[in-house]
Amino acid sequence: MKLNIGVLPGDGIGPEVTAQAVKVLKAIAMEFNHVFTFEKALVGGVAIEKTGTALPDETVEICKRADAVLFGAIGNTKYDEDPDAEVRPEQGLLGLRKALGLHTNIRPVIAYEDLLNKSSLKVKAIKDTNLVIYRELTGGIYFGKRHLSDDGNTASDVCEYQRFEIERIAHAAFKAAQSRKRKLTLVDKANVLESSRLWRRVVKDIAKQYSDVKIEYTYIDNAAMDLIINPKQFDVILTENMFGDILSEEASVIVGSIGLLASASIGDEHVMFEPIHGAYTKAANKGIANPIASILSAAMLLDHFGLDEEANRVREGVDKSLKLHITTPDLNNKYDHISTTKVGDFIEDFIHNPDETNLN
Ligand code: IPM
């Protein structure tokens, strides 16, 4: 298969972890006779420094002509500390999601047997967790009208949803549930928010077409608690943009490190794959960033194109690295010298020699 992949490393640890994912994809191409080409582009803080904008037009063009985009991370504390900054790295990511129409964000959360004791939660509560969050990505409060009064004392952000925006992700989430444990939980705040009541109405309607899927409705505050007390009760979680952002970050506590969670952002014409973690600027260039989330995002890219054997090879490499404790310091007390690049090298070697790869 020929794939042209847009690569947007971004800020902080983004370039280091993305380099490992690209390395893994190159190994897959070589081993399985595919032709993957990579086209790099600027986004986020680095783009602001070089071009004055977080999302240069050229980047959007590269992404639009690519078959898929691999995204690193964006953000810089310099902007976080300045509420008056007019250009911000995050505009790059949000602008890209909108420009590419990436409405459905898929975030799997799987507790690895070998990492159960890395979580601060009880092993018996998290063991066998296997859920996926379907987060709506191009609507809601992230993209609603913003306002700041002239005197600077009043501000608002509107959370707006239209029926079609809910319908398209709901169908995707129900279909996912059908191929999993046949359970879907809609997370909202329908006891307070009108937009949540629309979600509930629309999802109730759509549920009639998926009678084999058990549906539950829960409020975000309750879901936030249930997710760490008893994550096994969930299969597919369907939710709006901001609730999905918060819940998926919370879910990283279950797996032991946010450096493990990957995601796919799917639109009608474009697709993008990215770790859910941010730029983690203070860890940049130290070789300590965990590349697994980025590598697993590359596996989701392979899944998307039906390259199942290839995606499985990547996941087996990740499993083996975790089993052998070939992991970065966020997960490893024993061999804390194992760098970002070494983890990538190990998985690359595994792809070429799945039966022989060991720590050397
Ligand atoms: C994520 C991130 C982004 C979001 C930020 C960087 C804008 O937290 O992908 O989850 O809030 O969507």
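Biologist: Which residue of β3 stands opposite G6?

Modeller: G6 stands opposite V69 in β3. This is a predicted model, in which local features need pLDDT of at least 70 and side-chain atom pairs count only at pLDDT 80 or more, while totals for chains, interfaces and linings use all residues. Residues are numbered from 1 along each chain as its sequence is written.

Biologist: How many bridges join β1 to β3?

Modeller: Two strands pair if DSSP finds at least two bridges between them. Here five bridges join β1 to strand β3 (residues 68-73), and the two run parallel.

Biologist: What is the sense of the pairing between β1 and β2?

Modeller: Strand β1 (residues 2-10) pairs with strand β2 (residues 35-40) in the parallel sense, over six bridges. The bridge partner of K2 in β2 is V35. From β1 the chain crosses through helix α1 (residues 14-32) to β2, and this β-α-β crossover is right-handed; with the strands pointing away from the viewer, the path from the first strand over the helix to the second runs clockwise.

Biologist: How many helices and strands has the protein?

Modeller: Helices (H or I, at least four residues) and strands (E, at least two) are DSSP runs, numbered from the N terminus. The protein has 13 helices and 12 strands.
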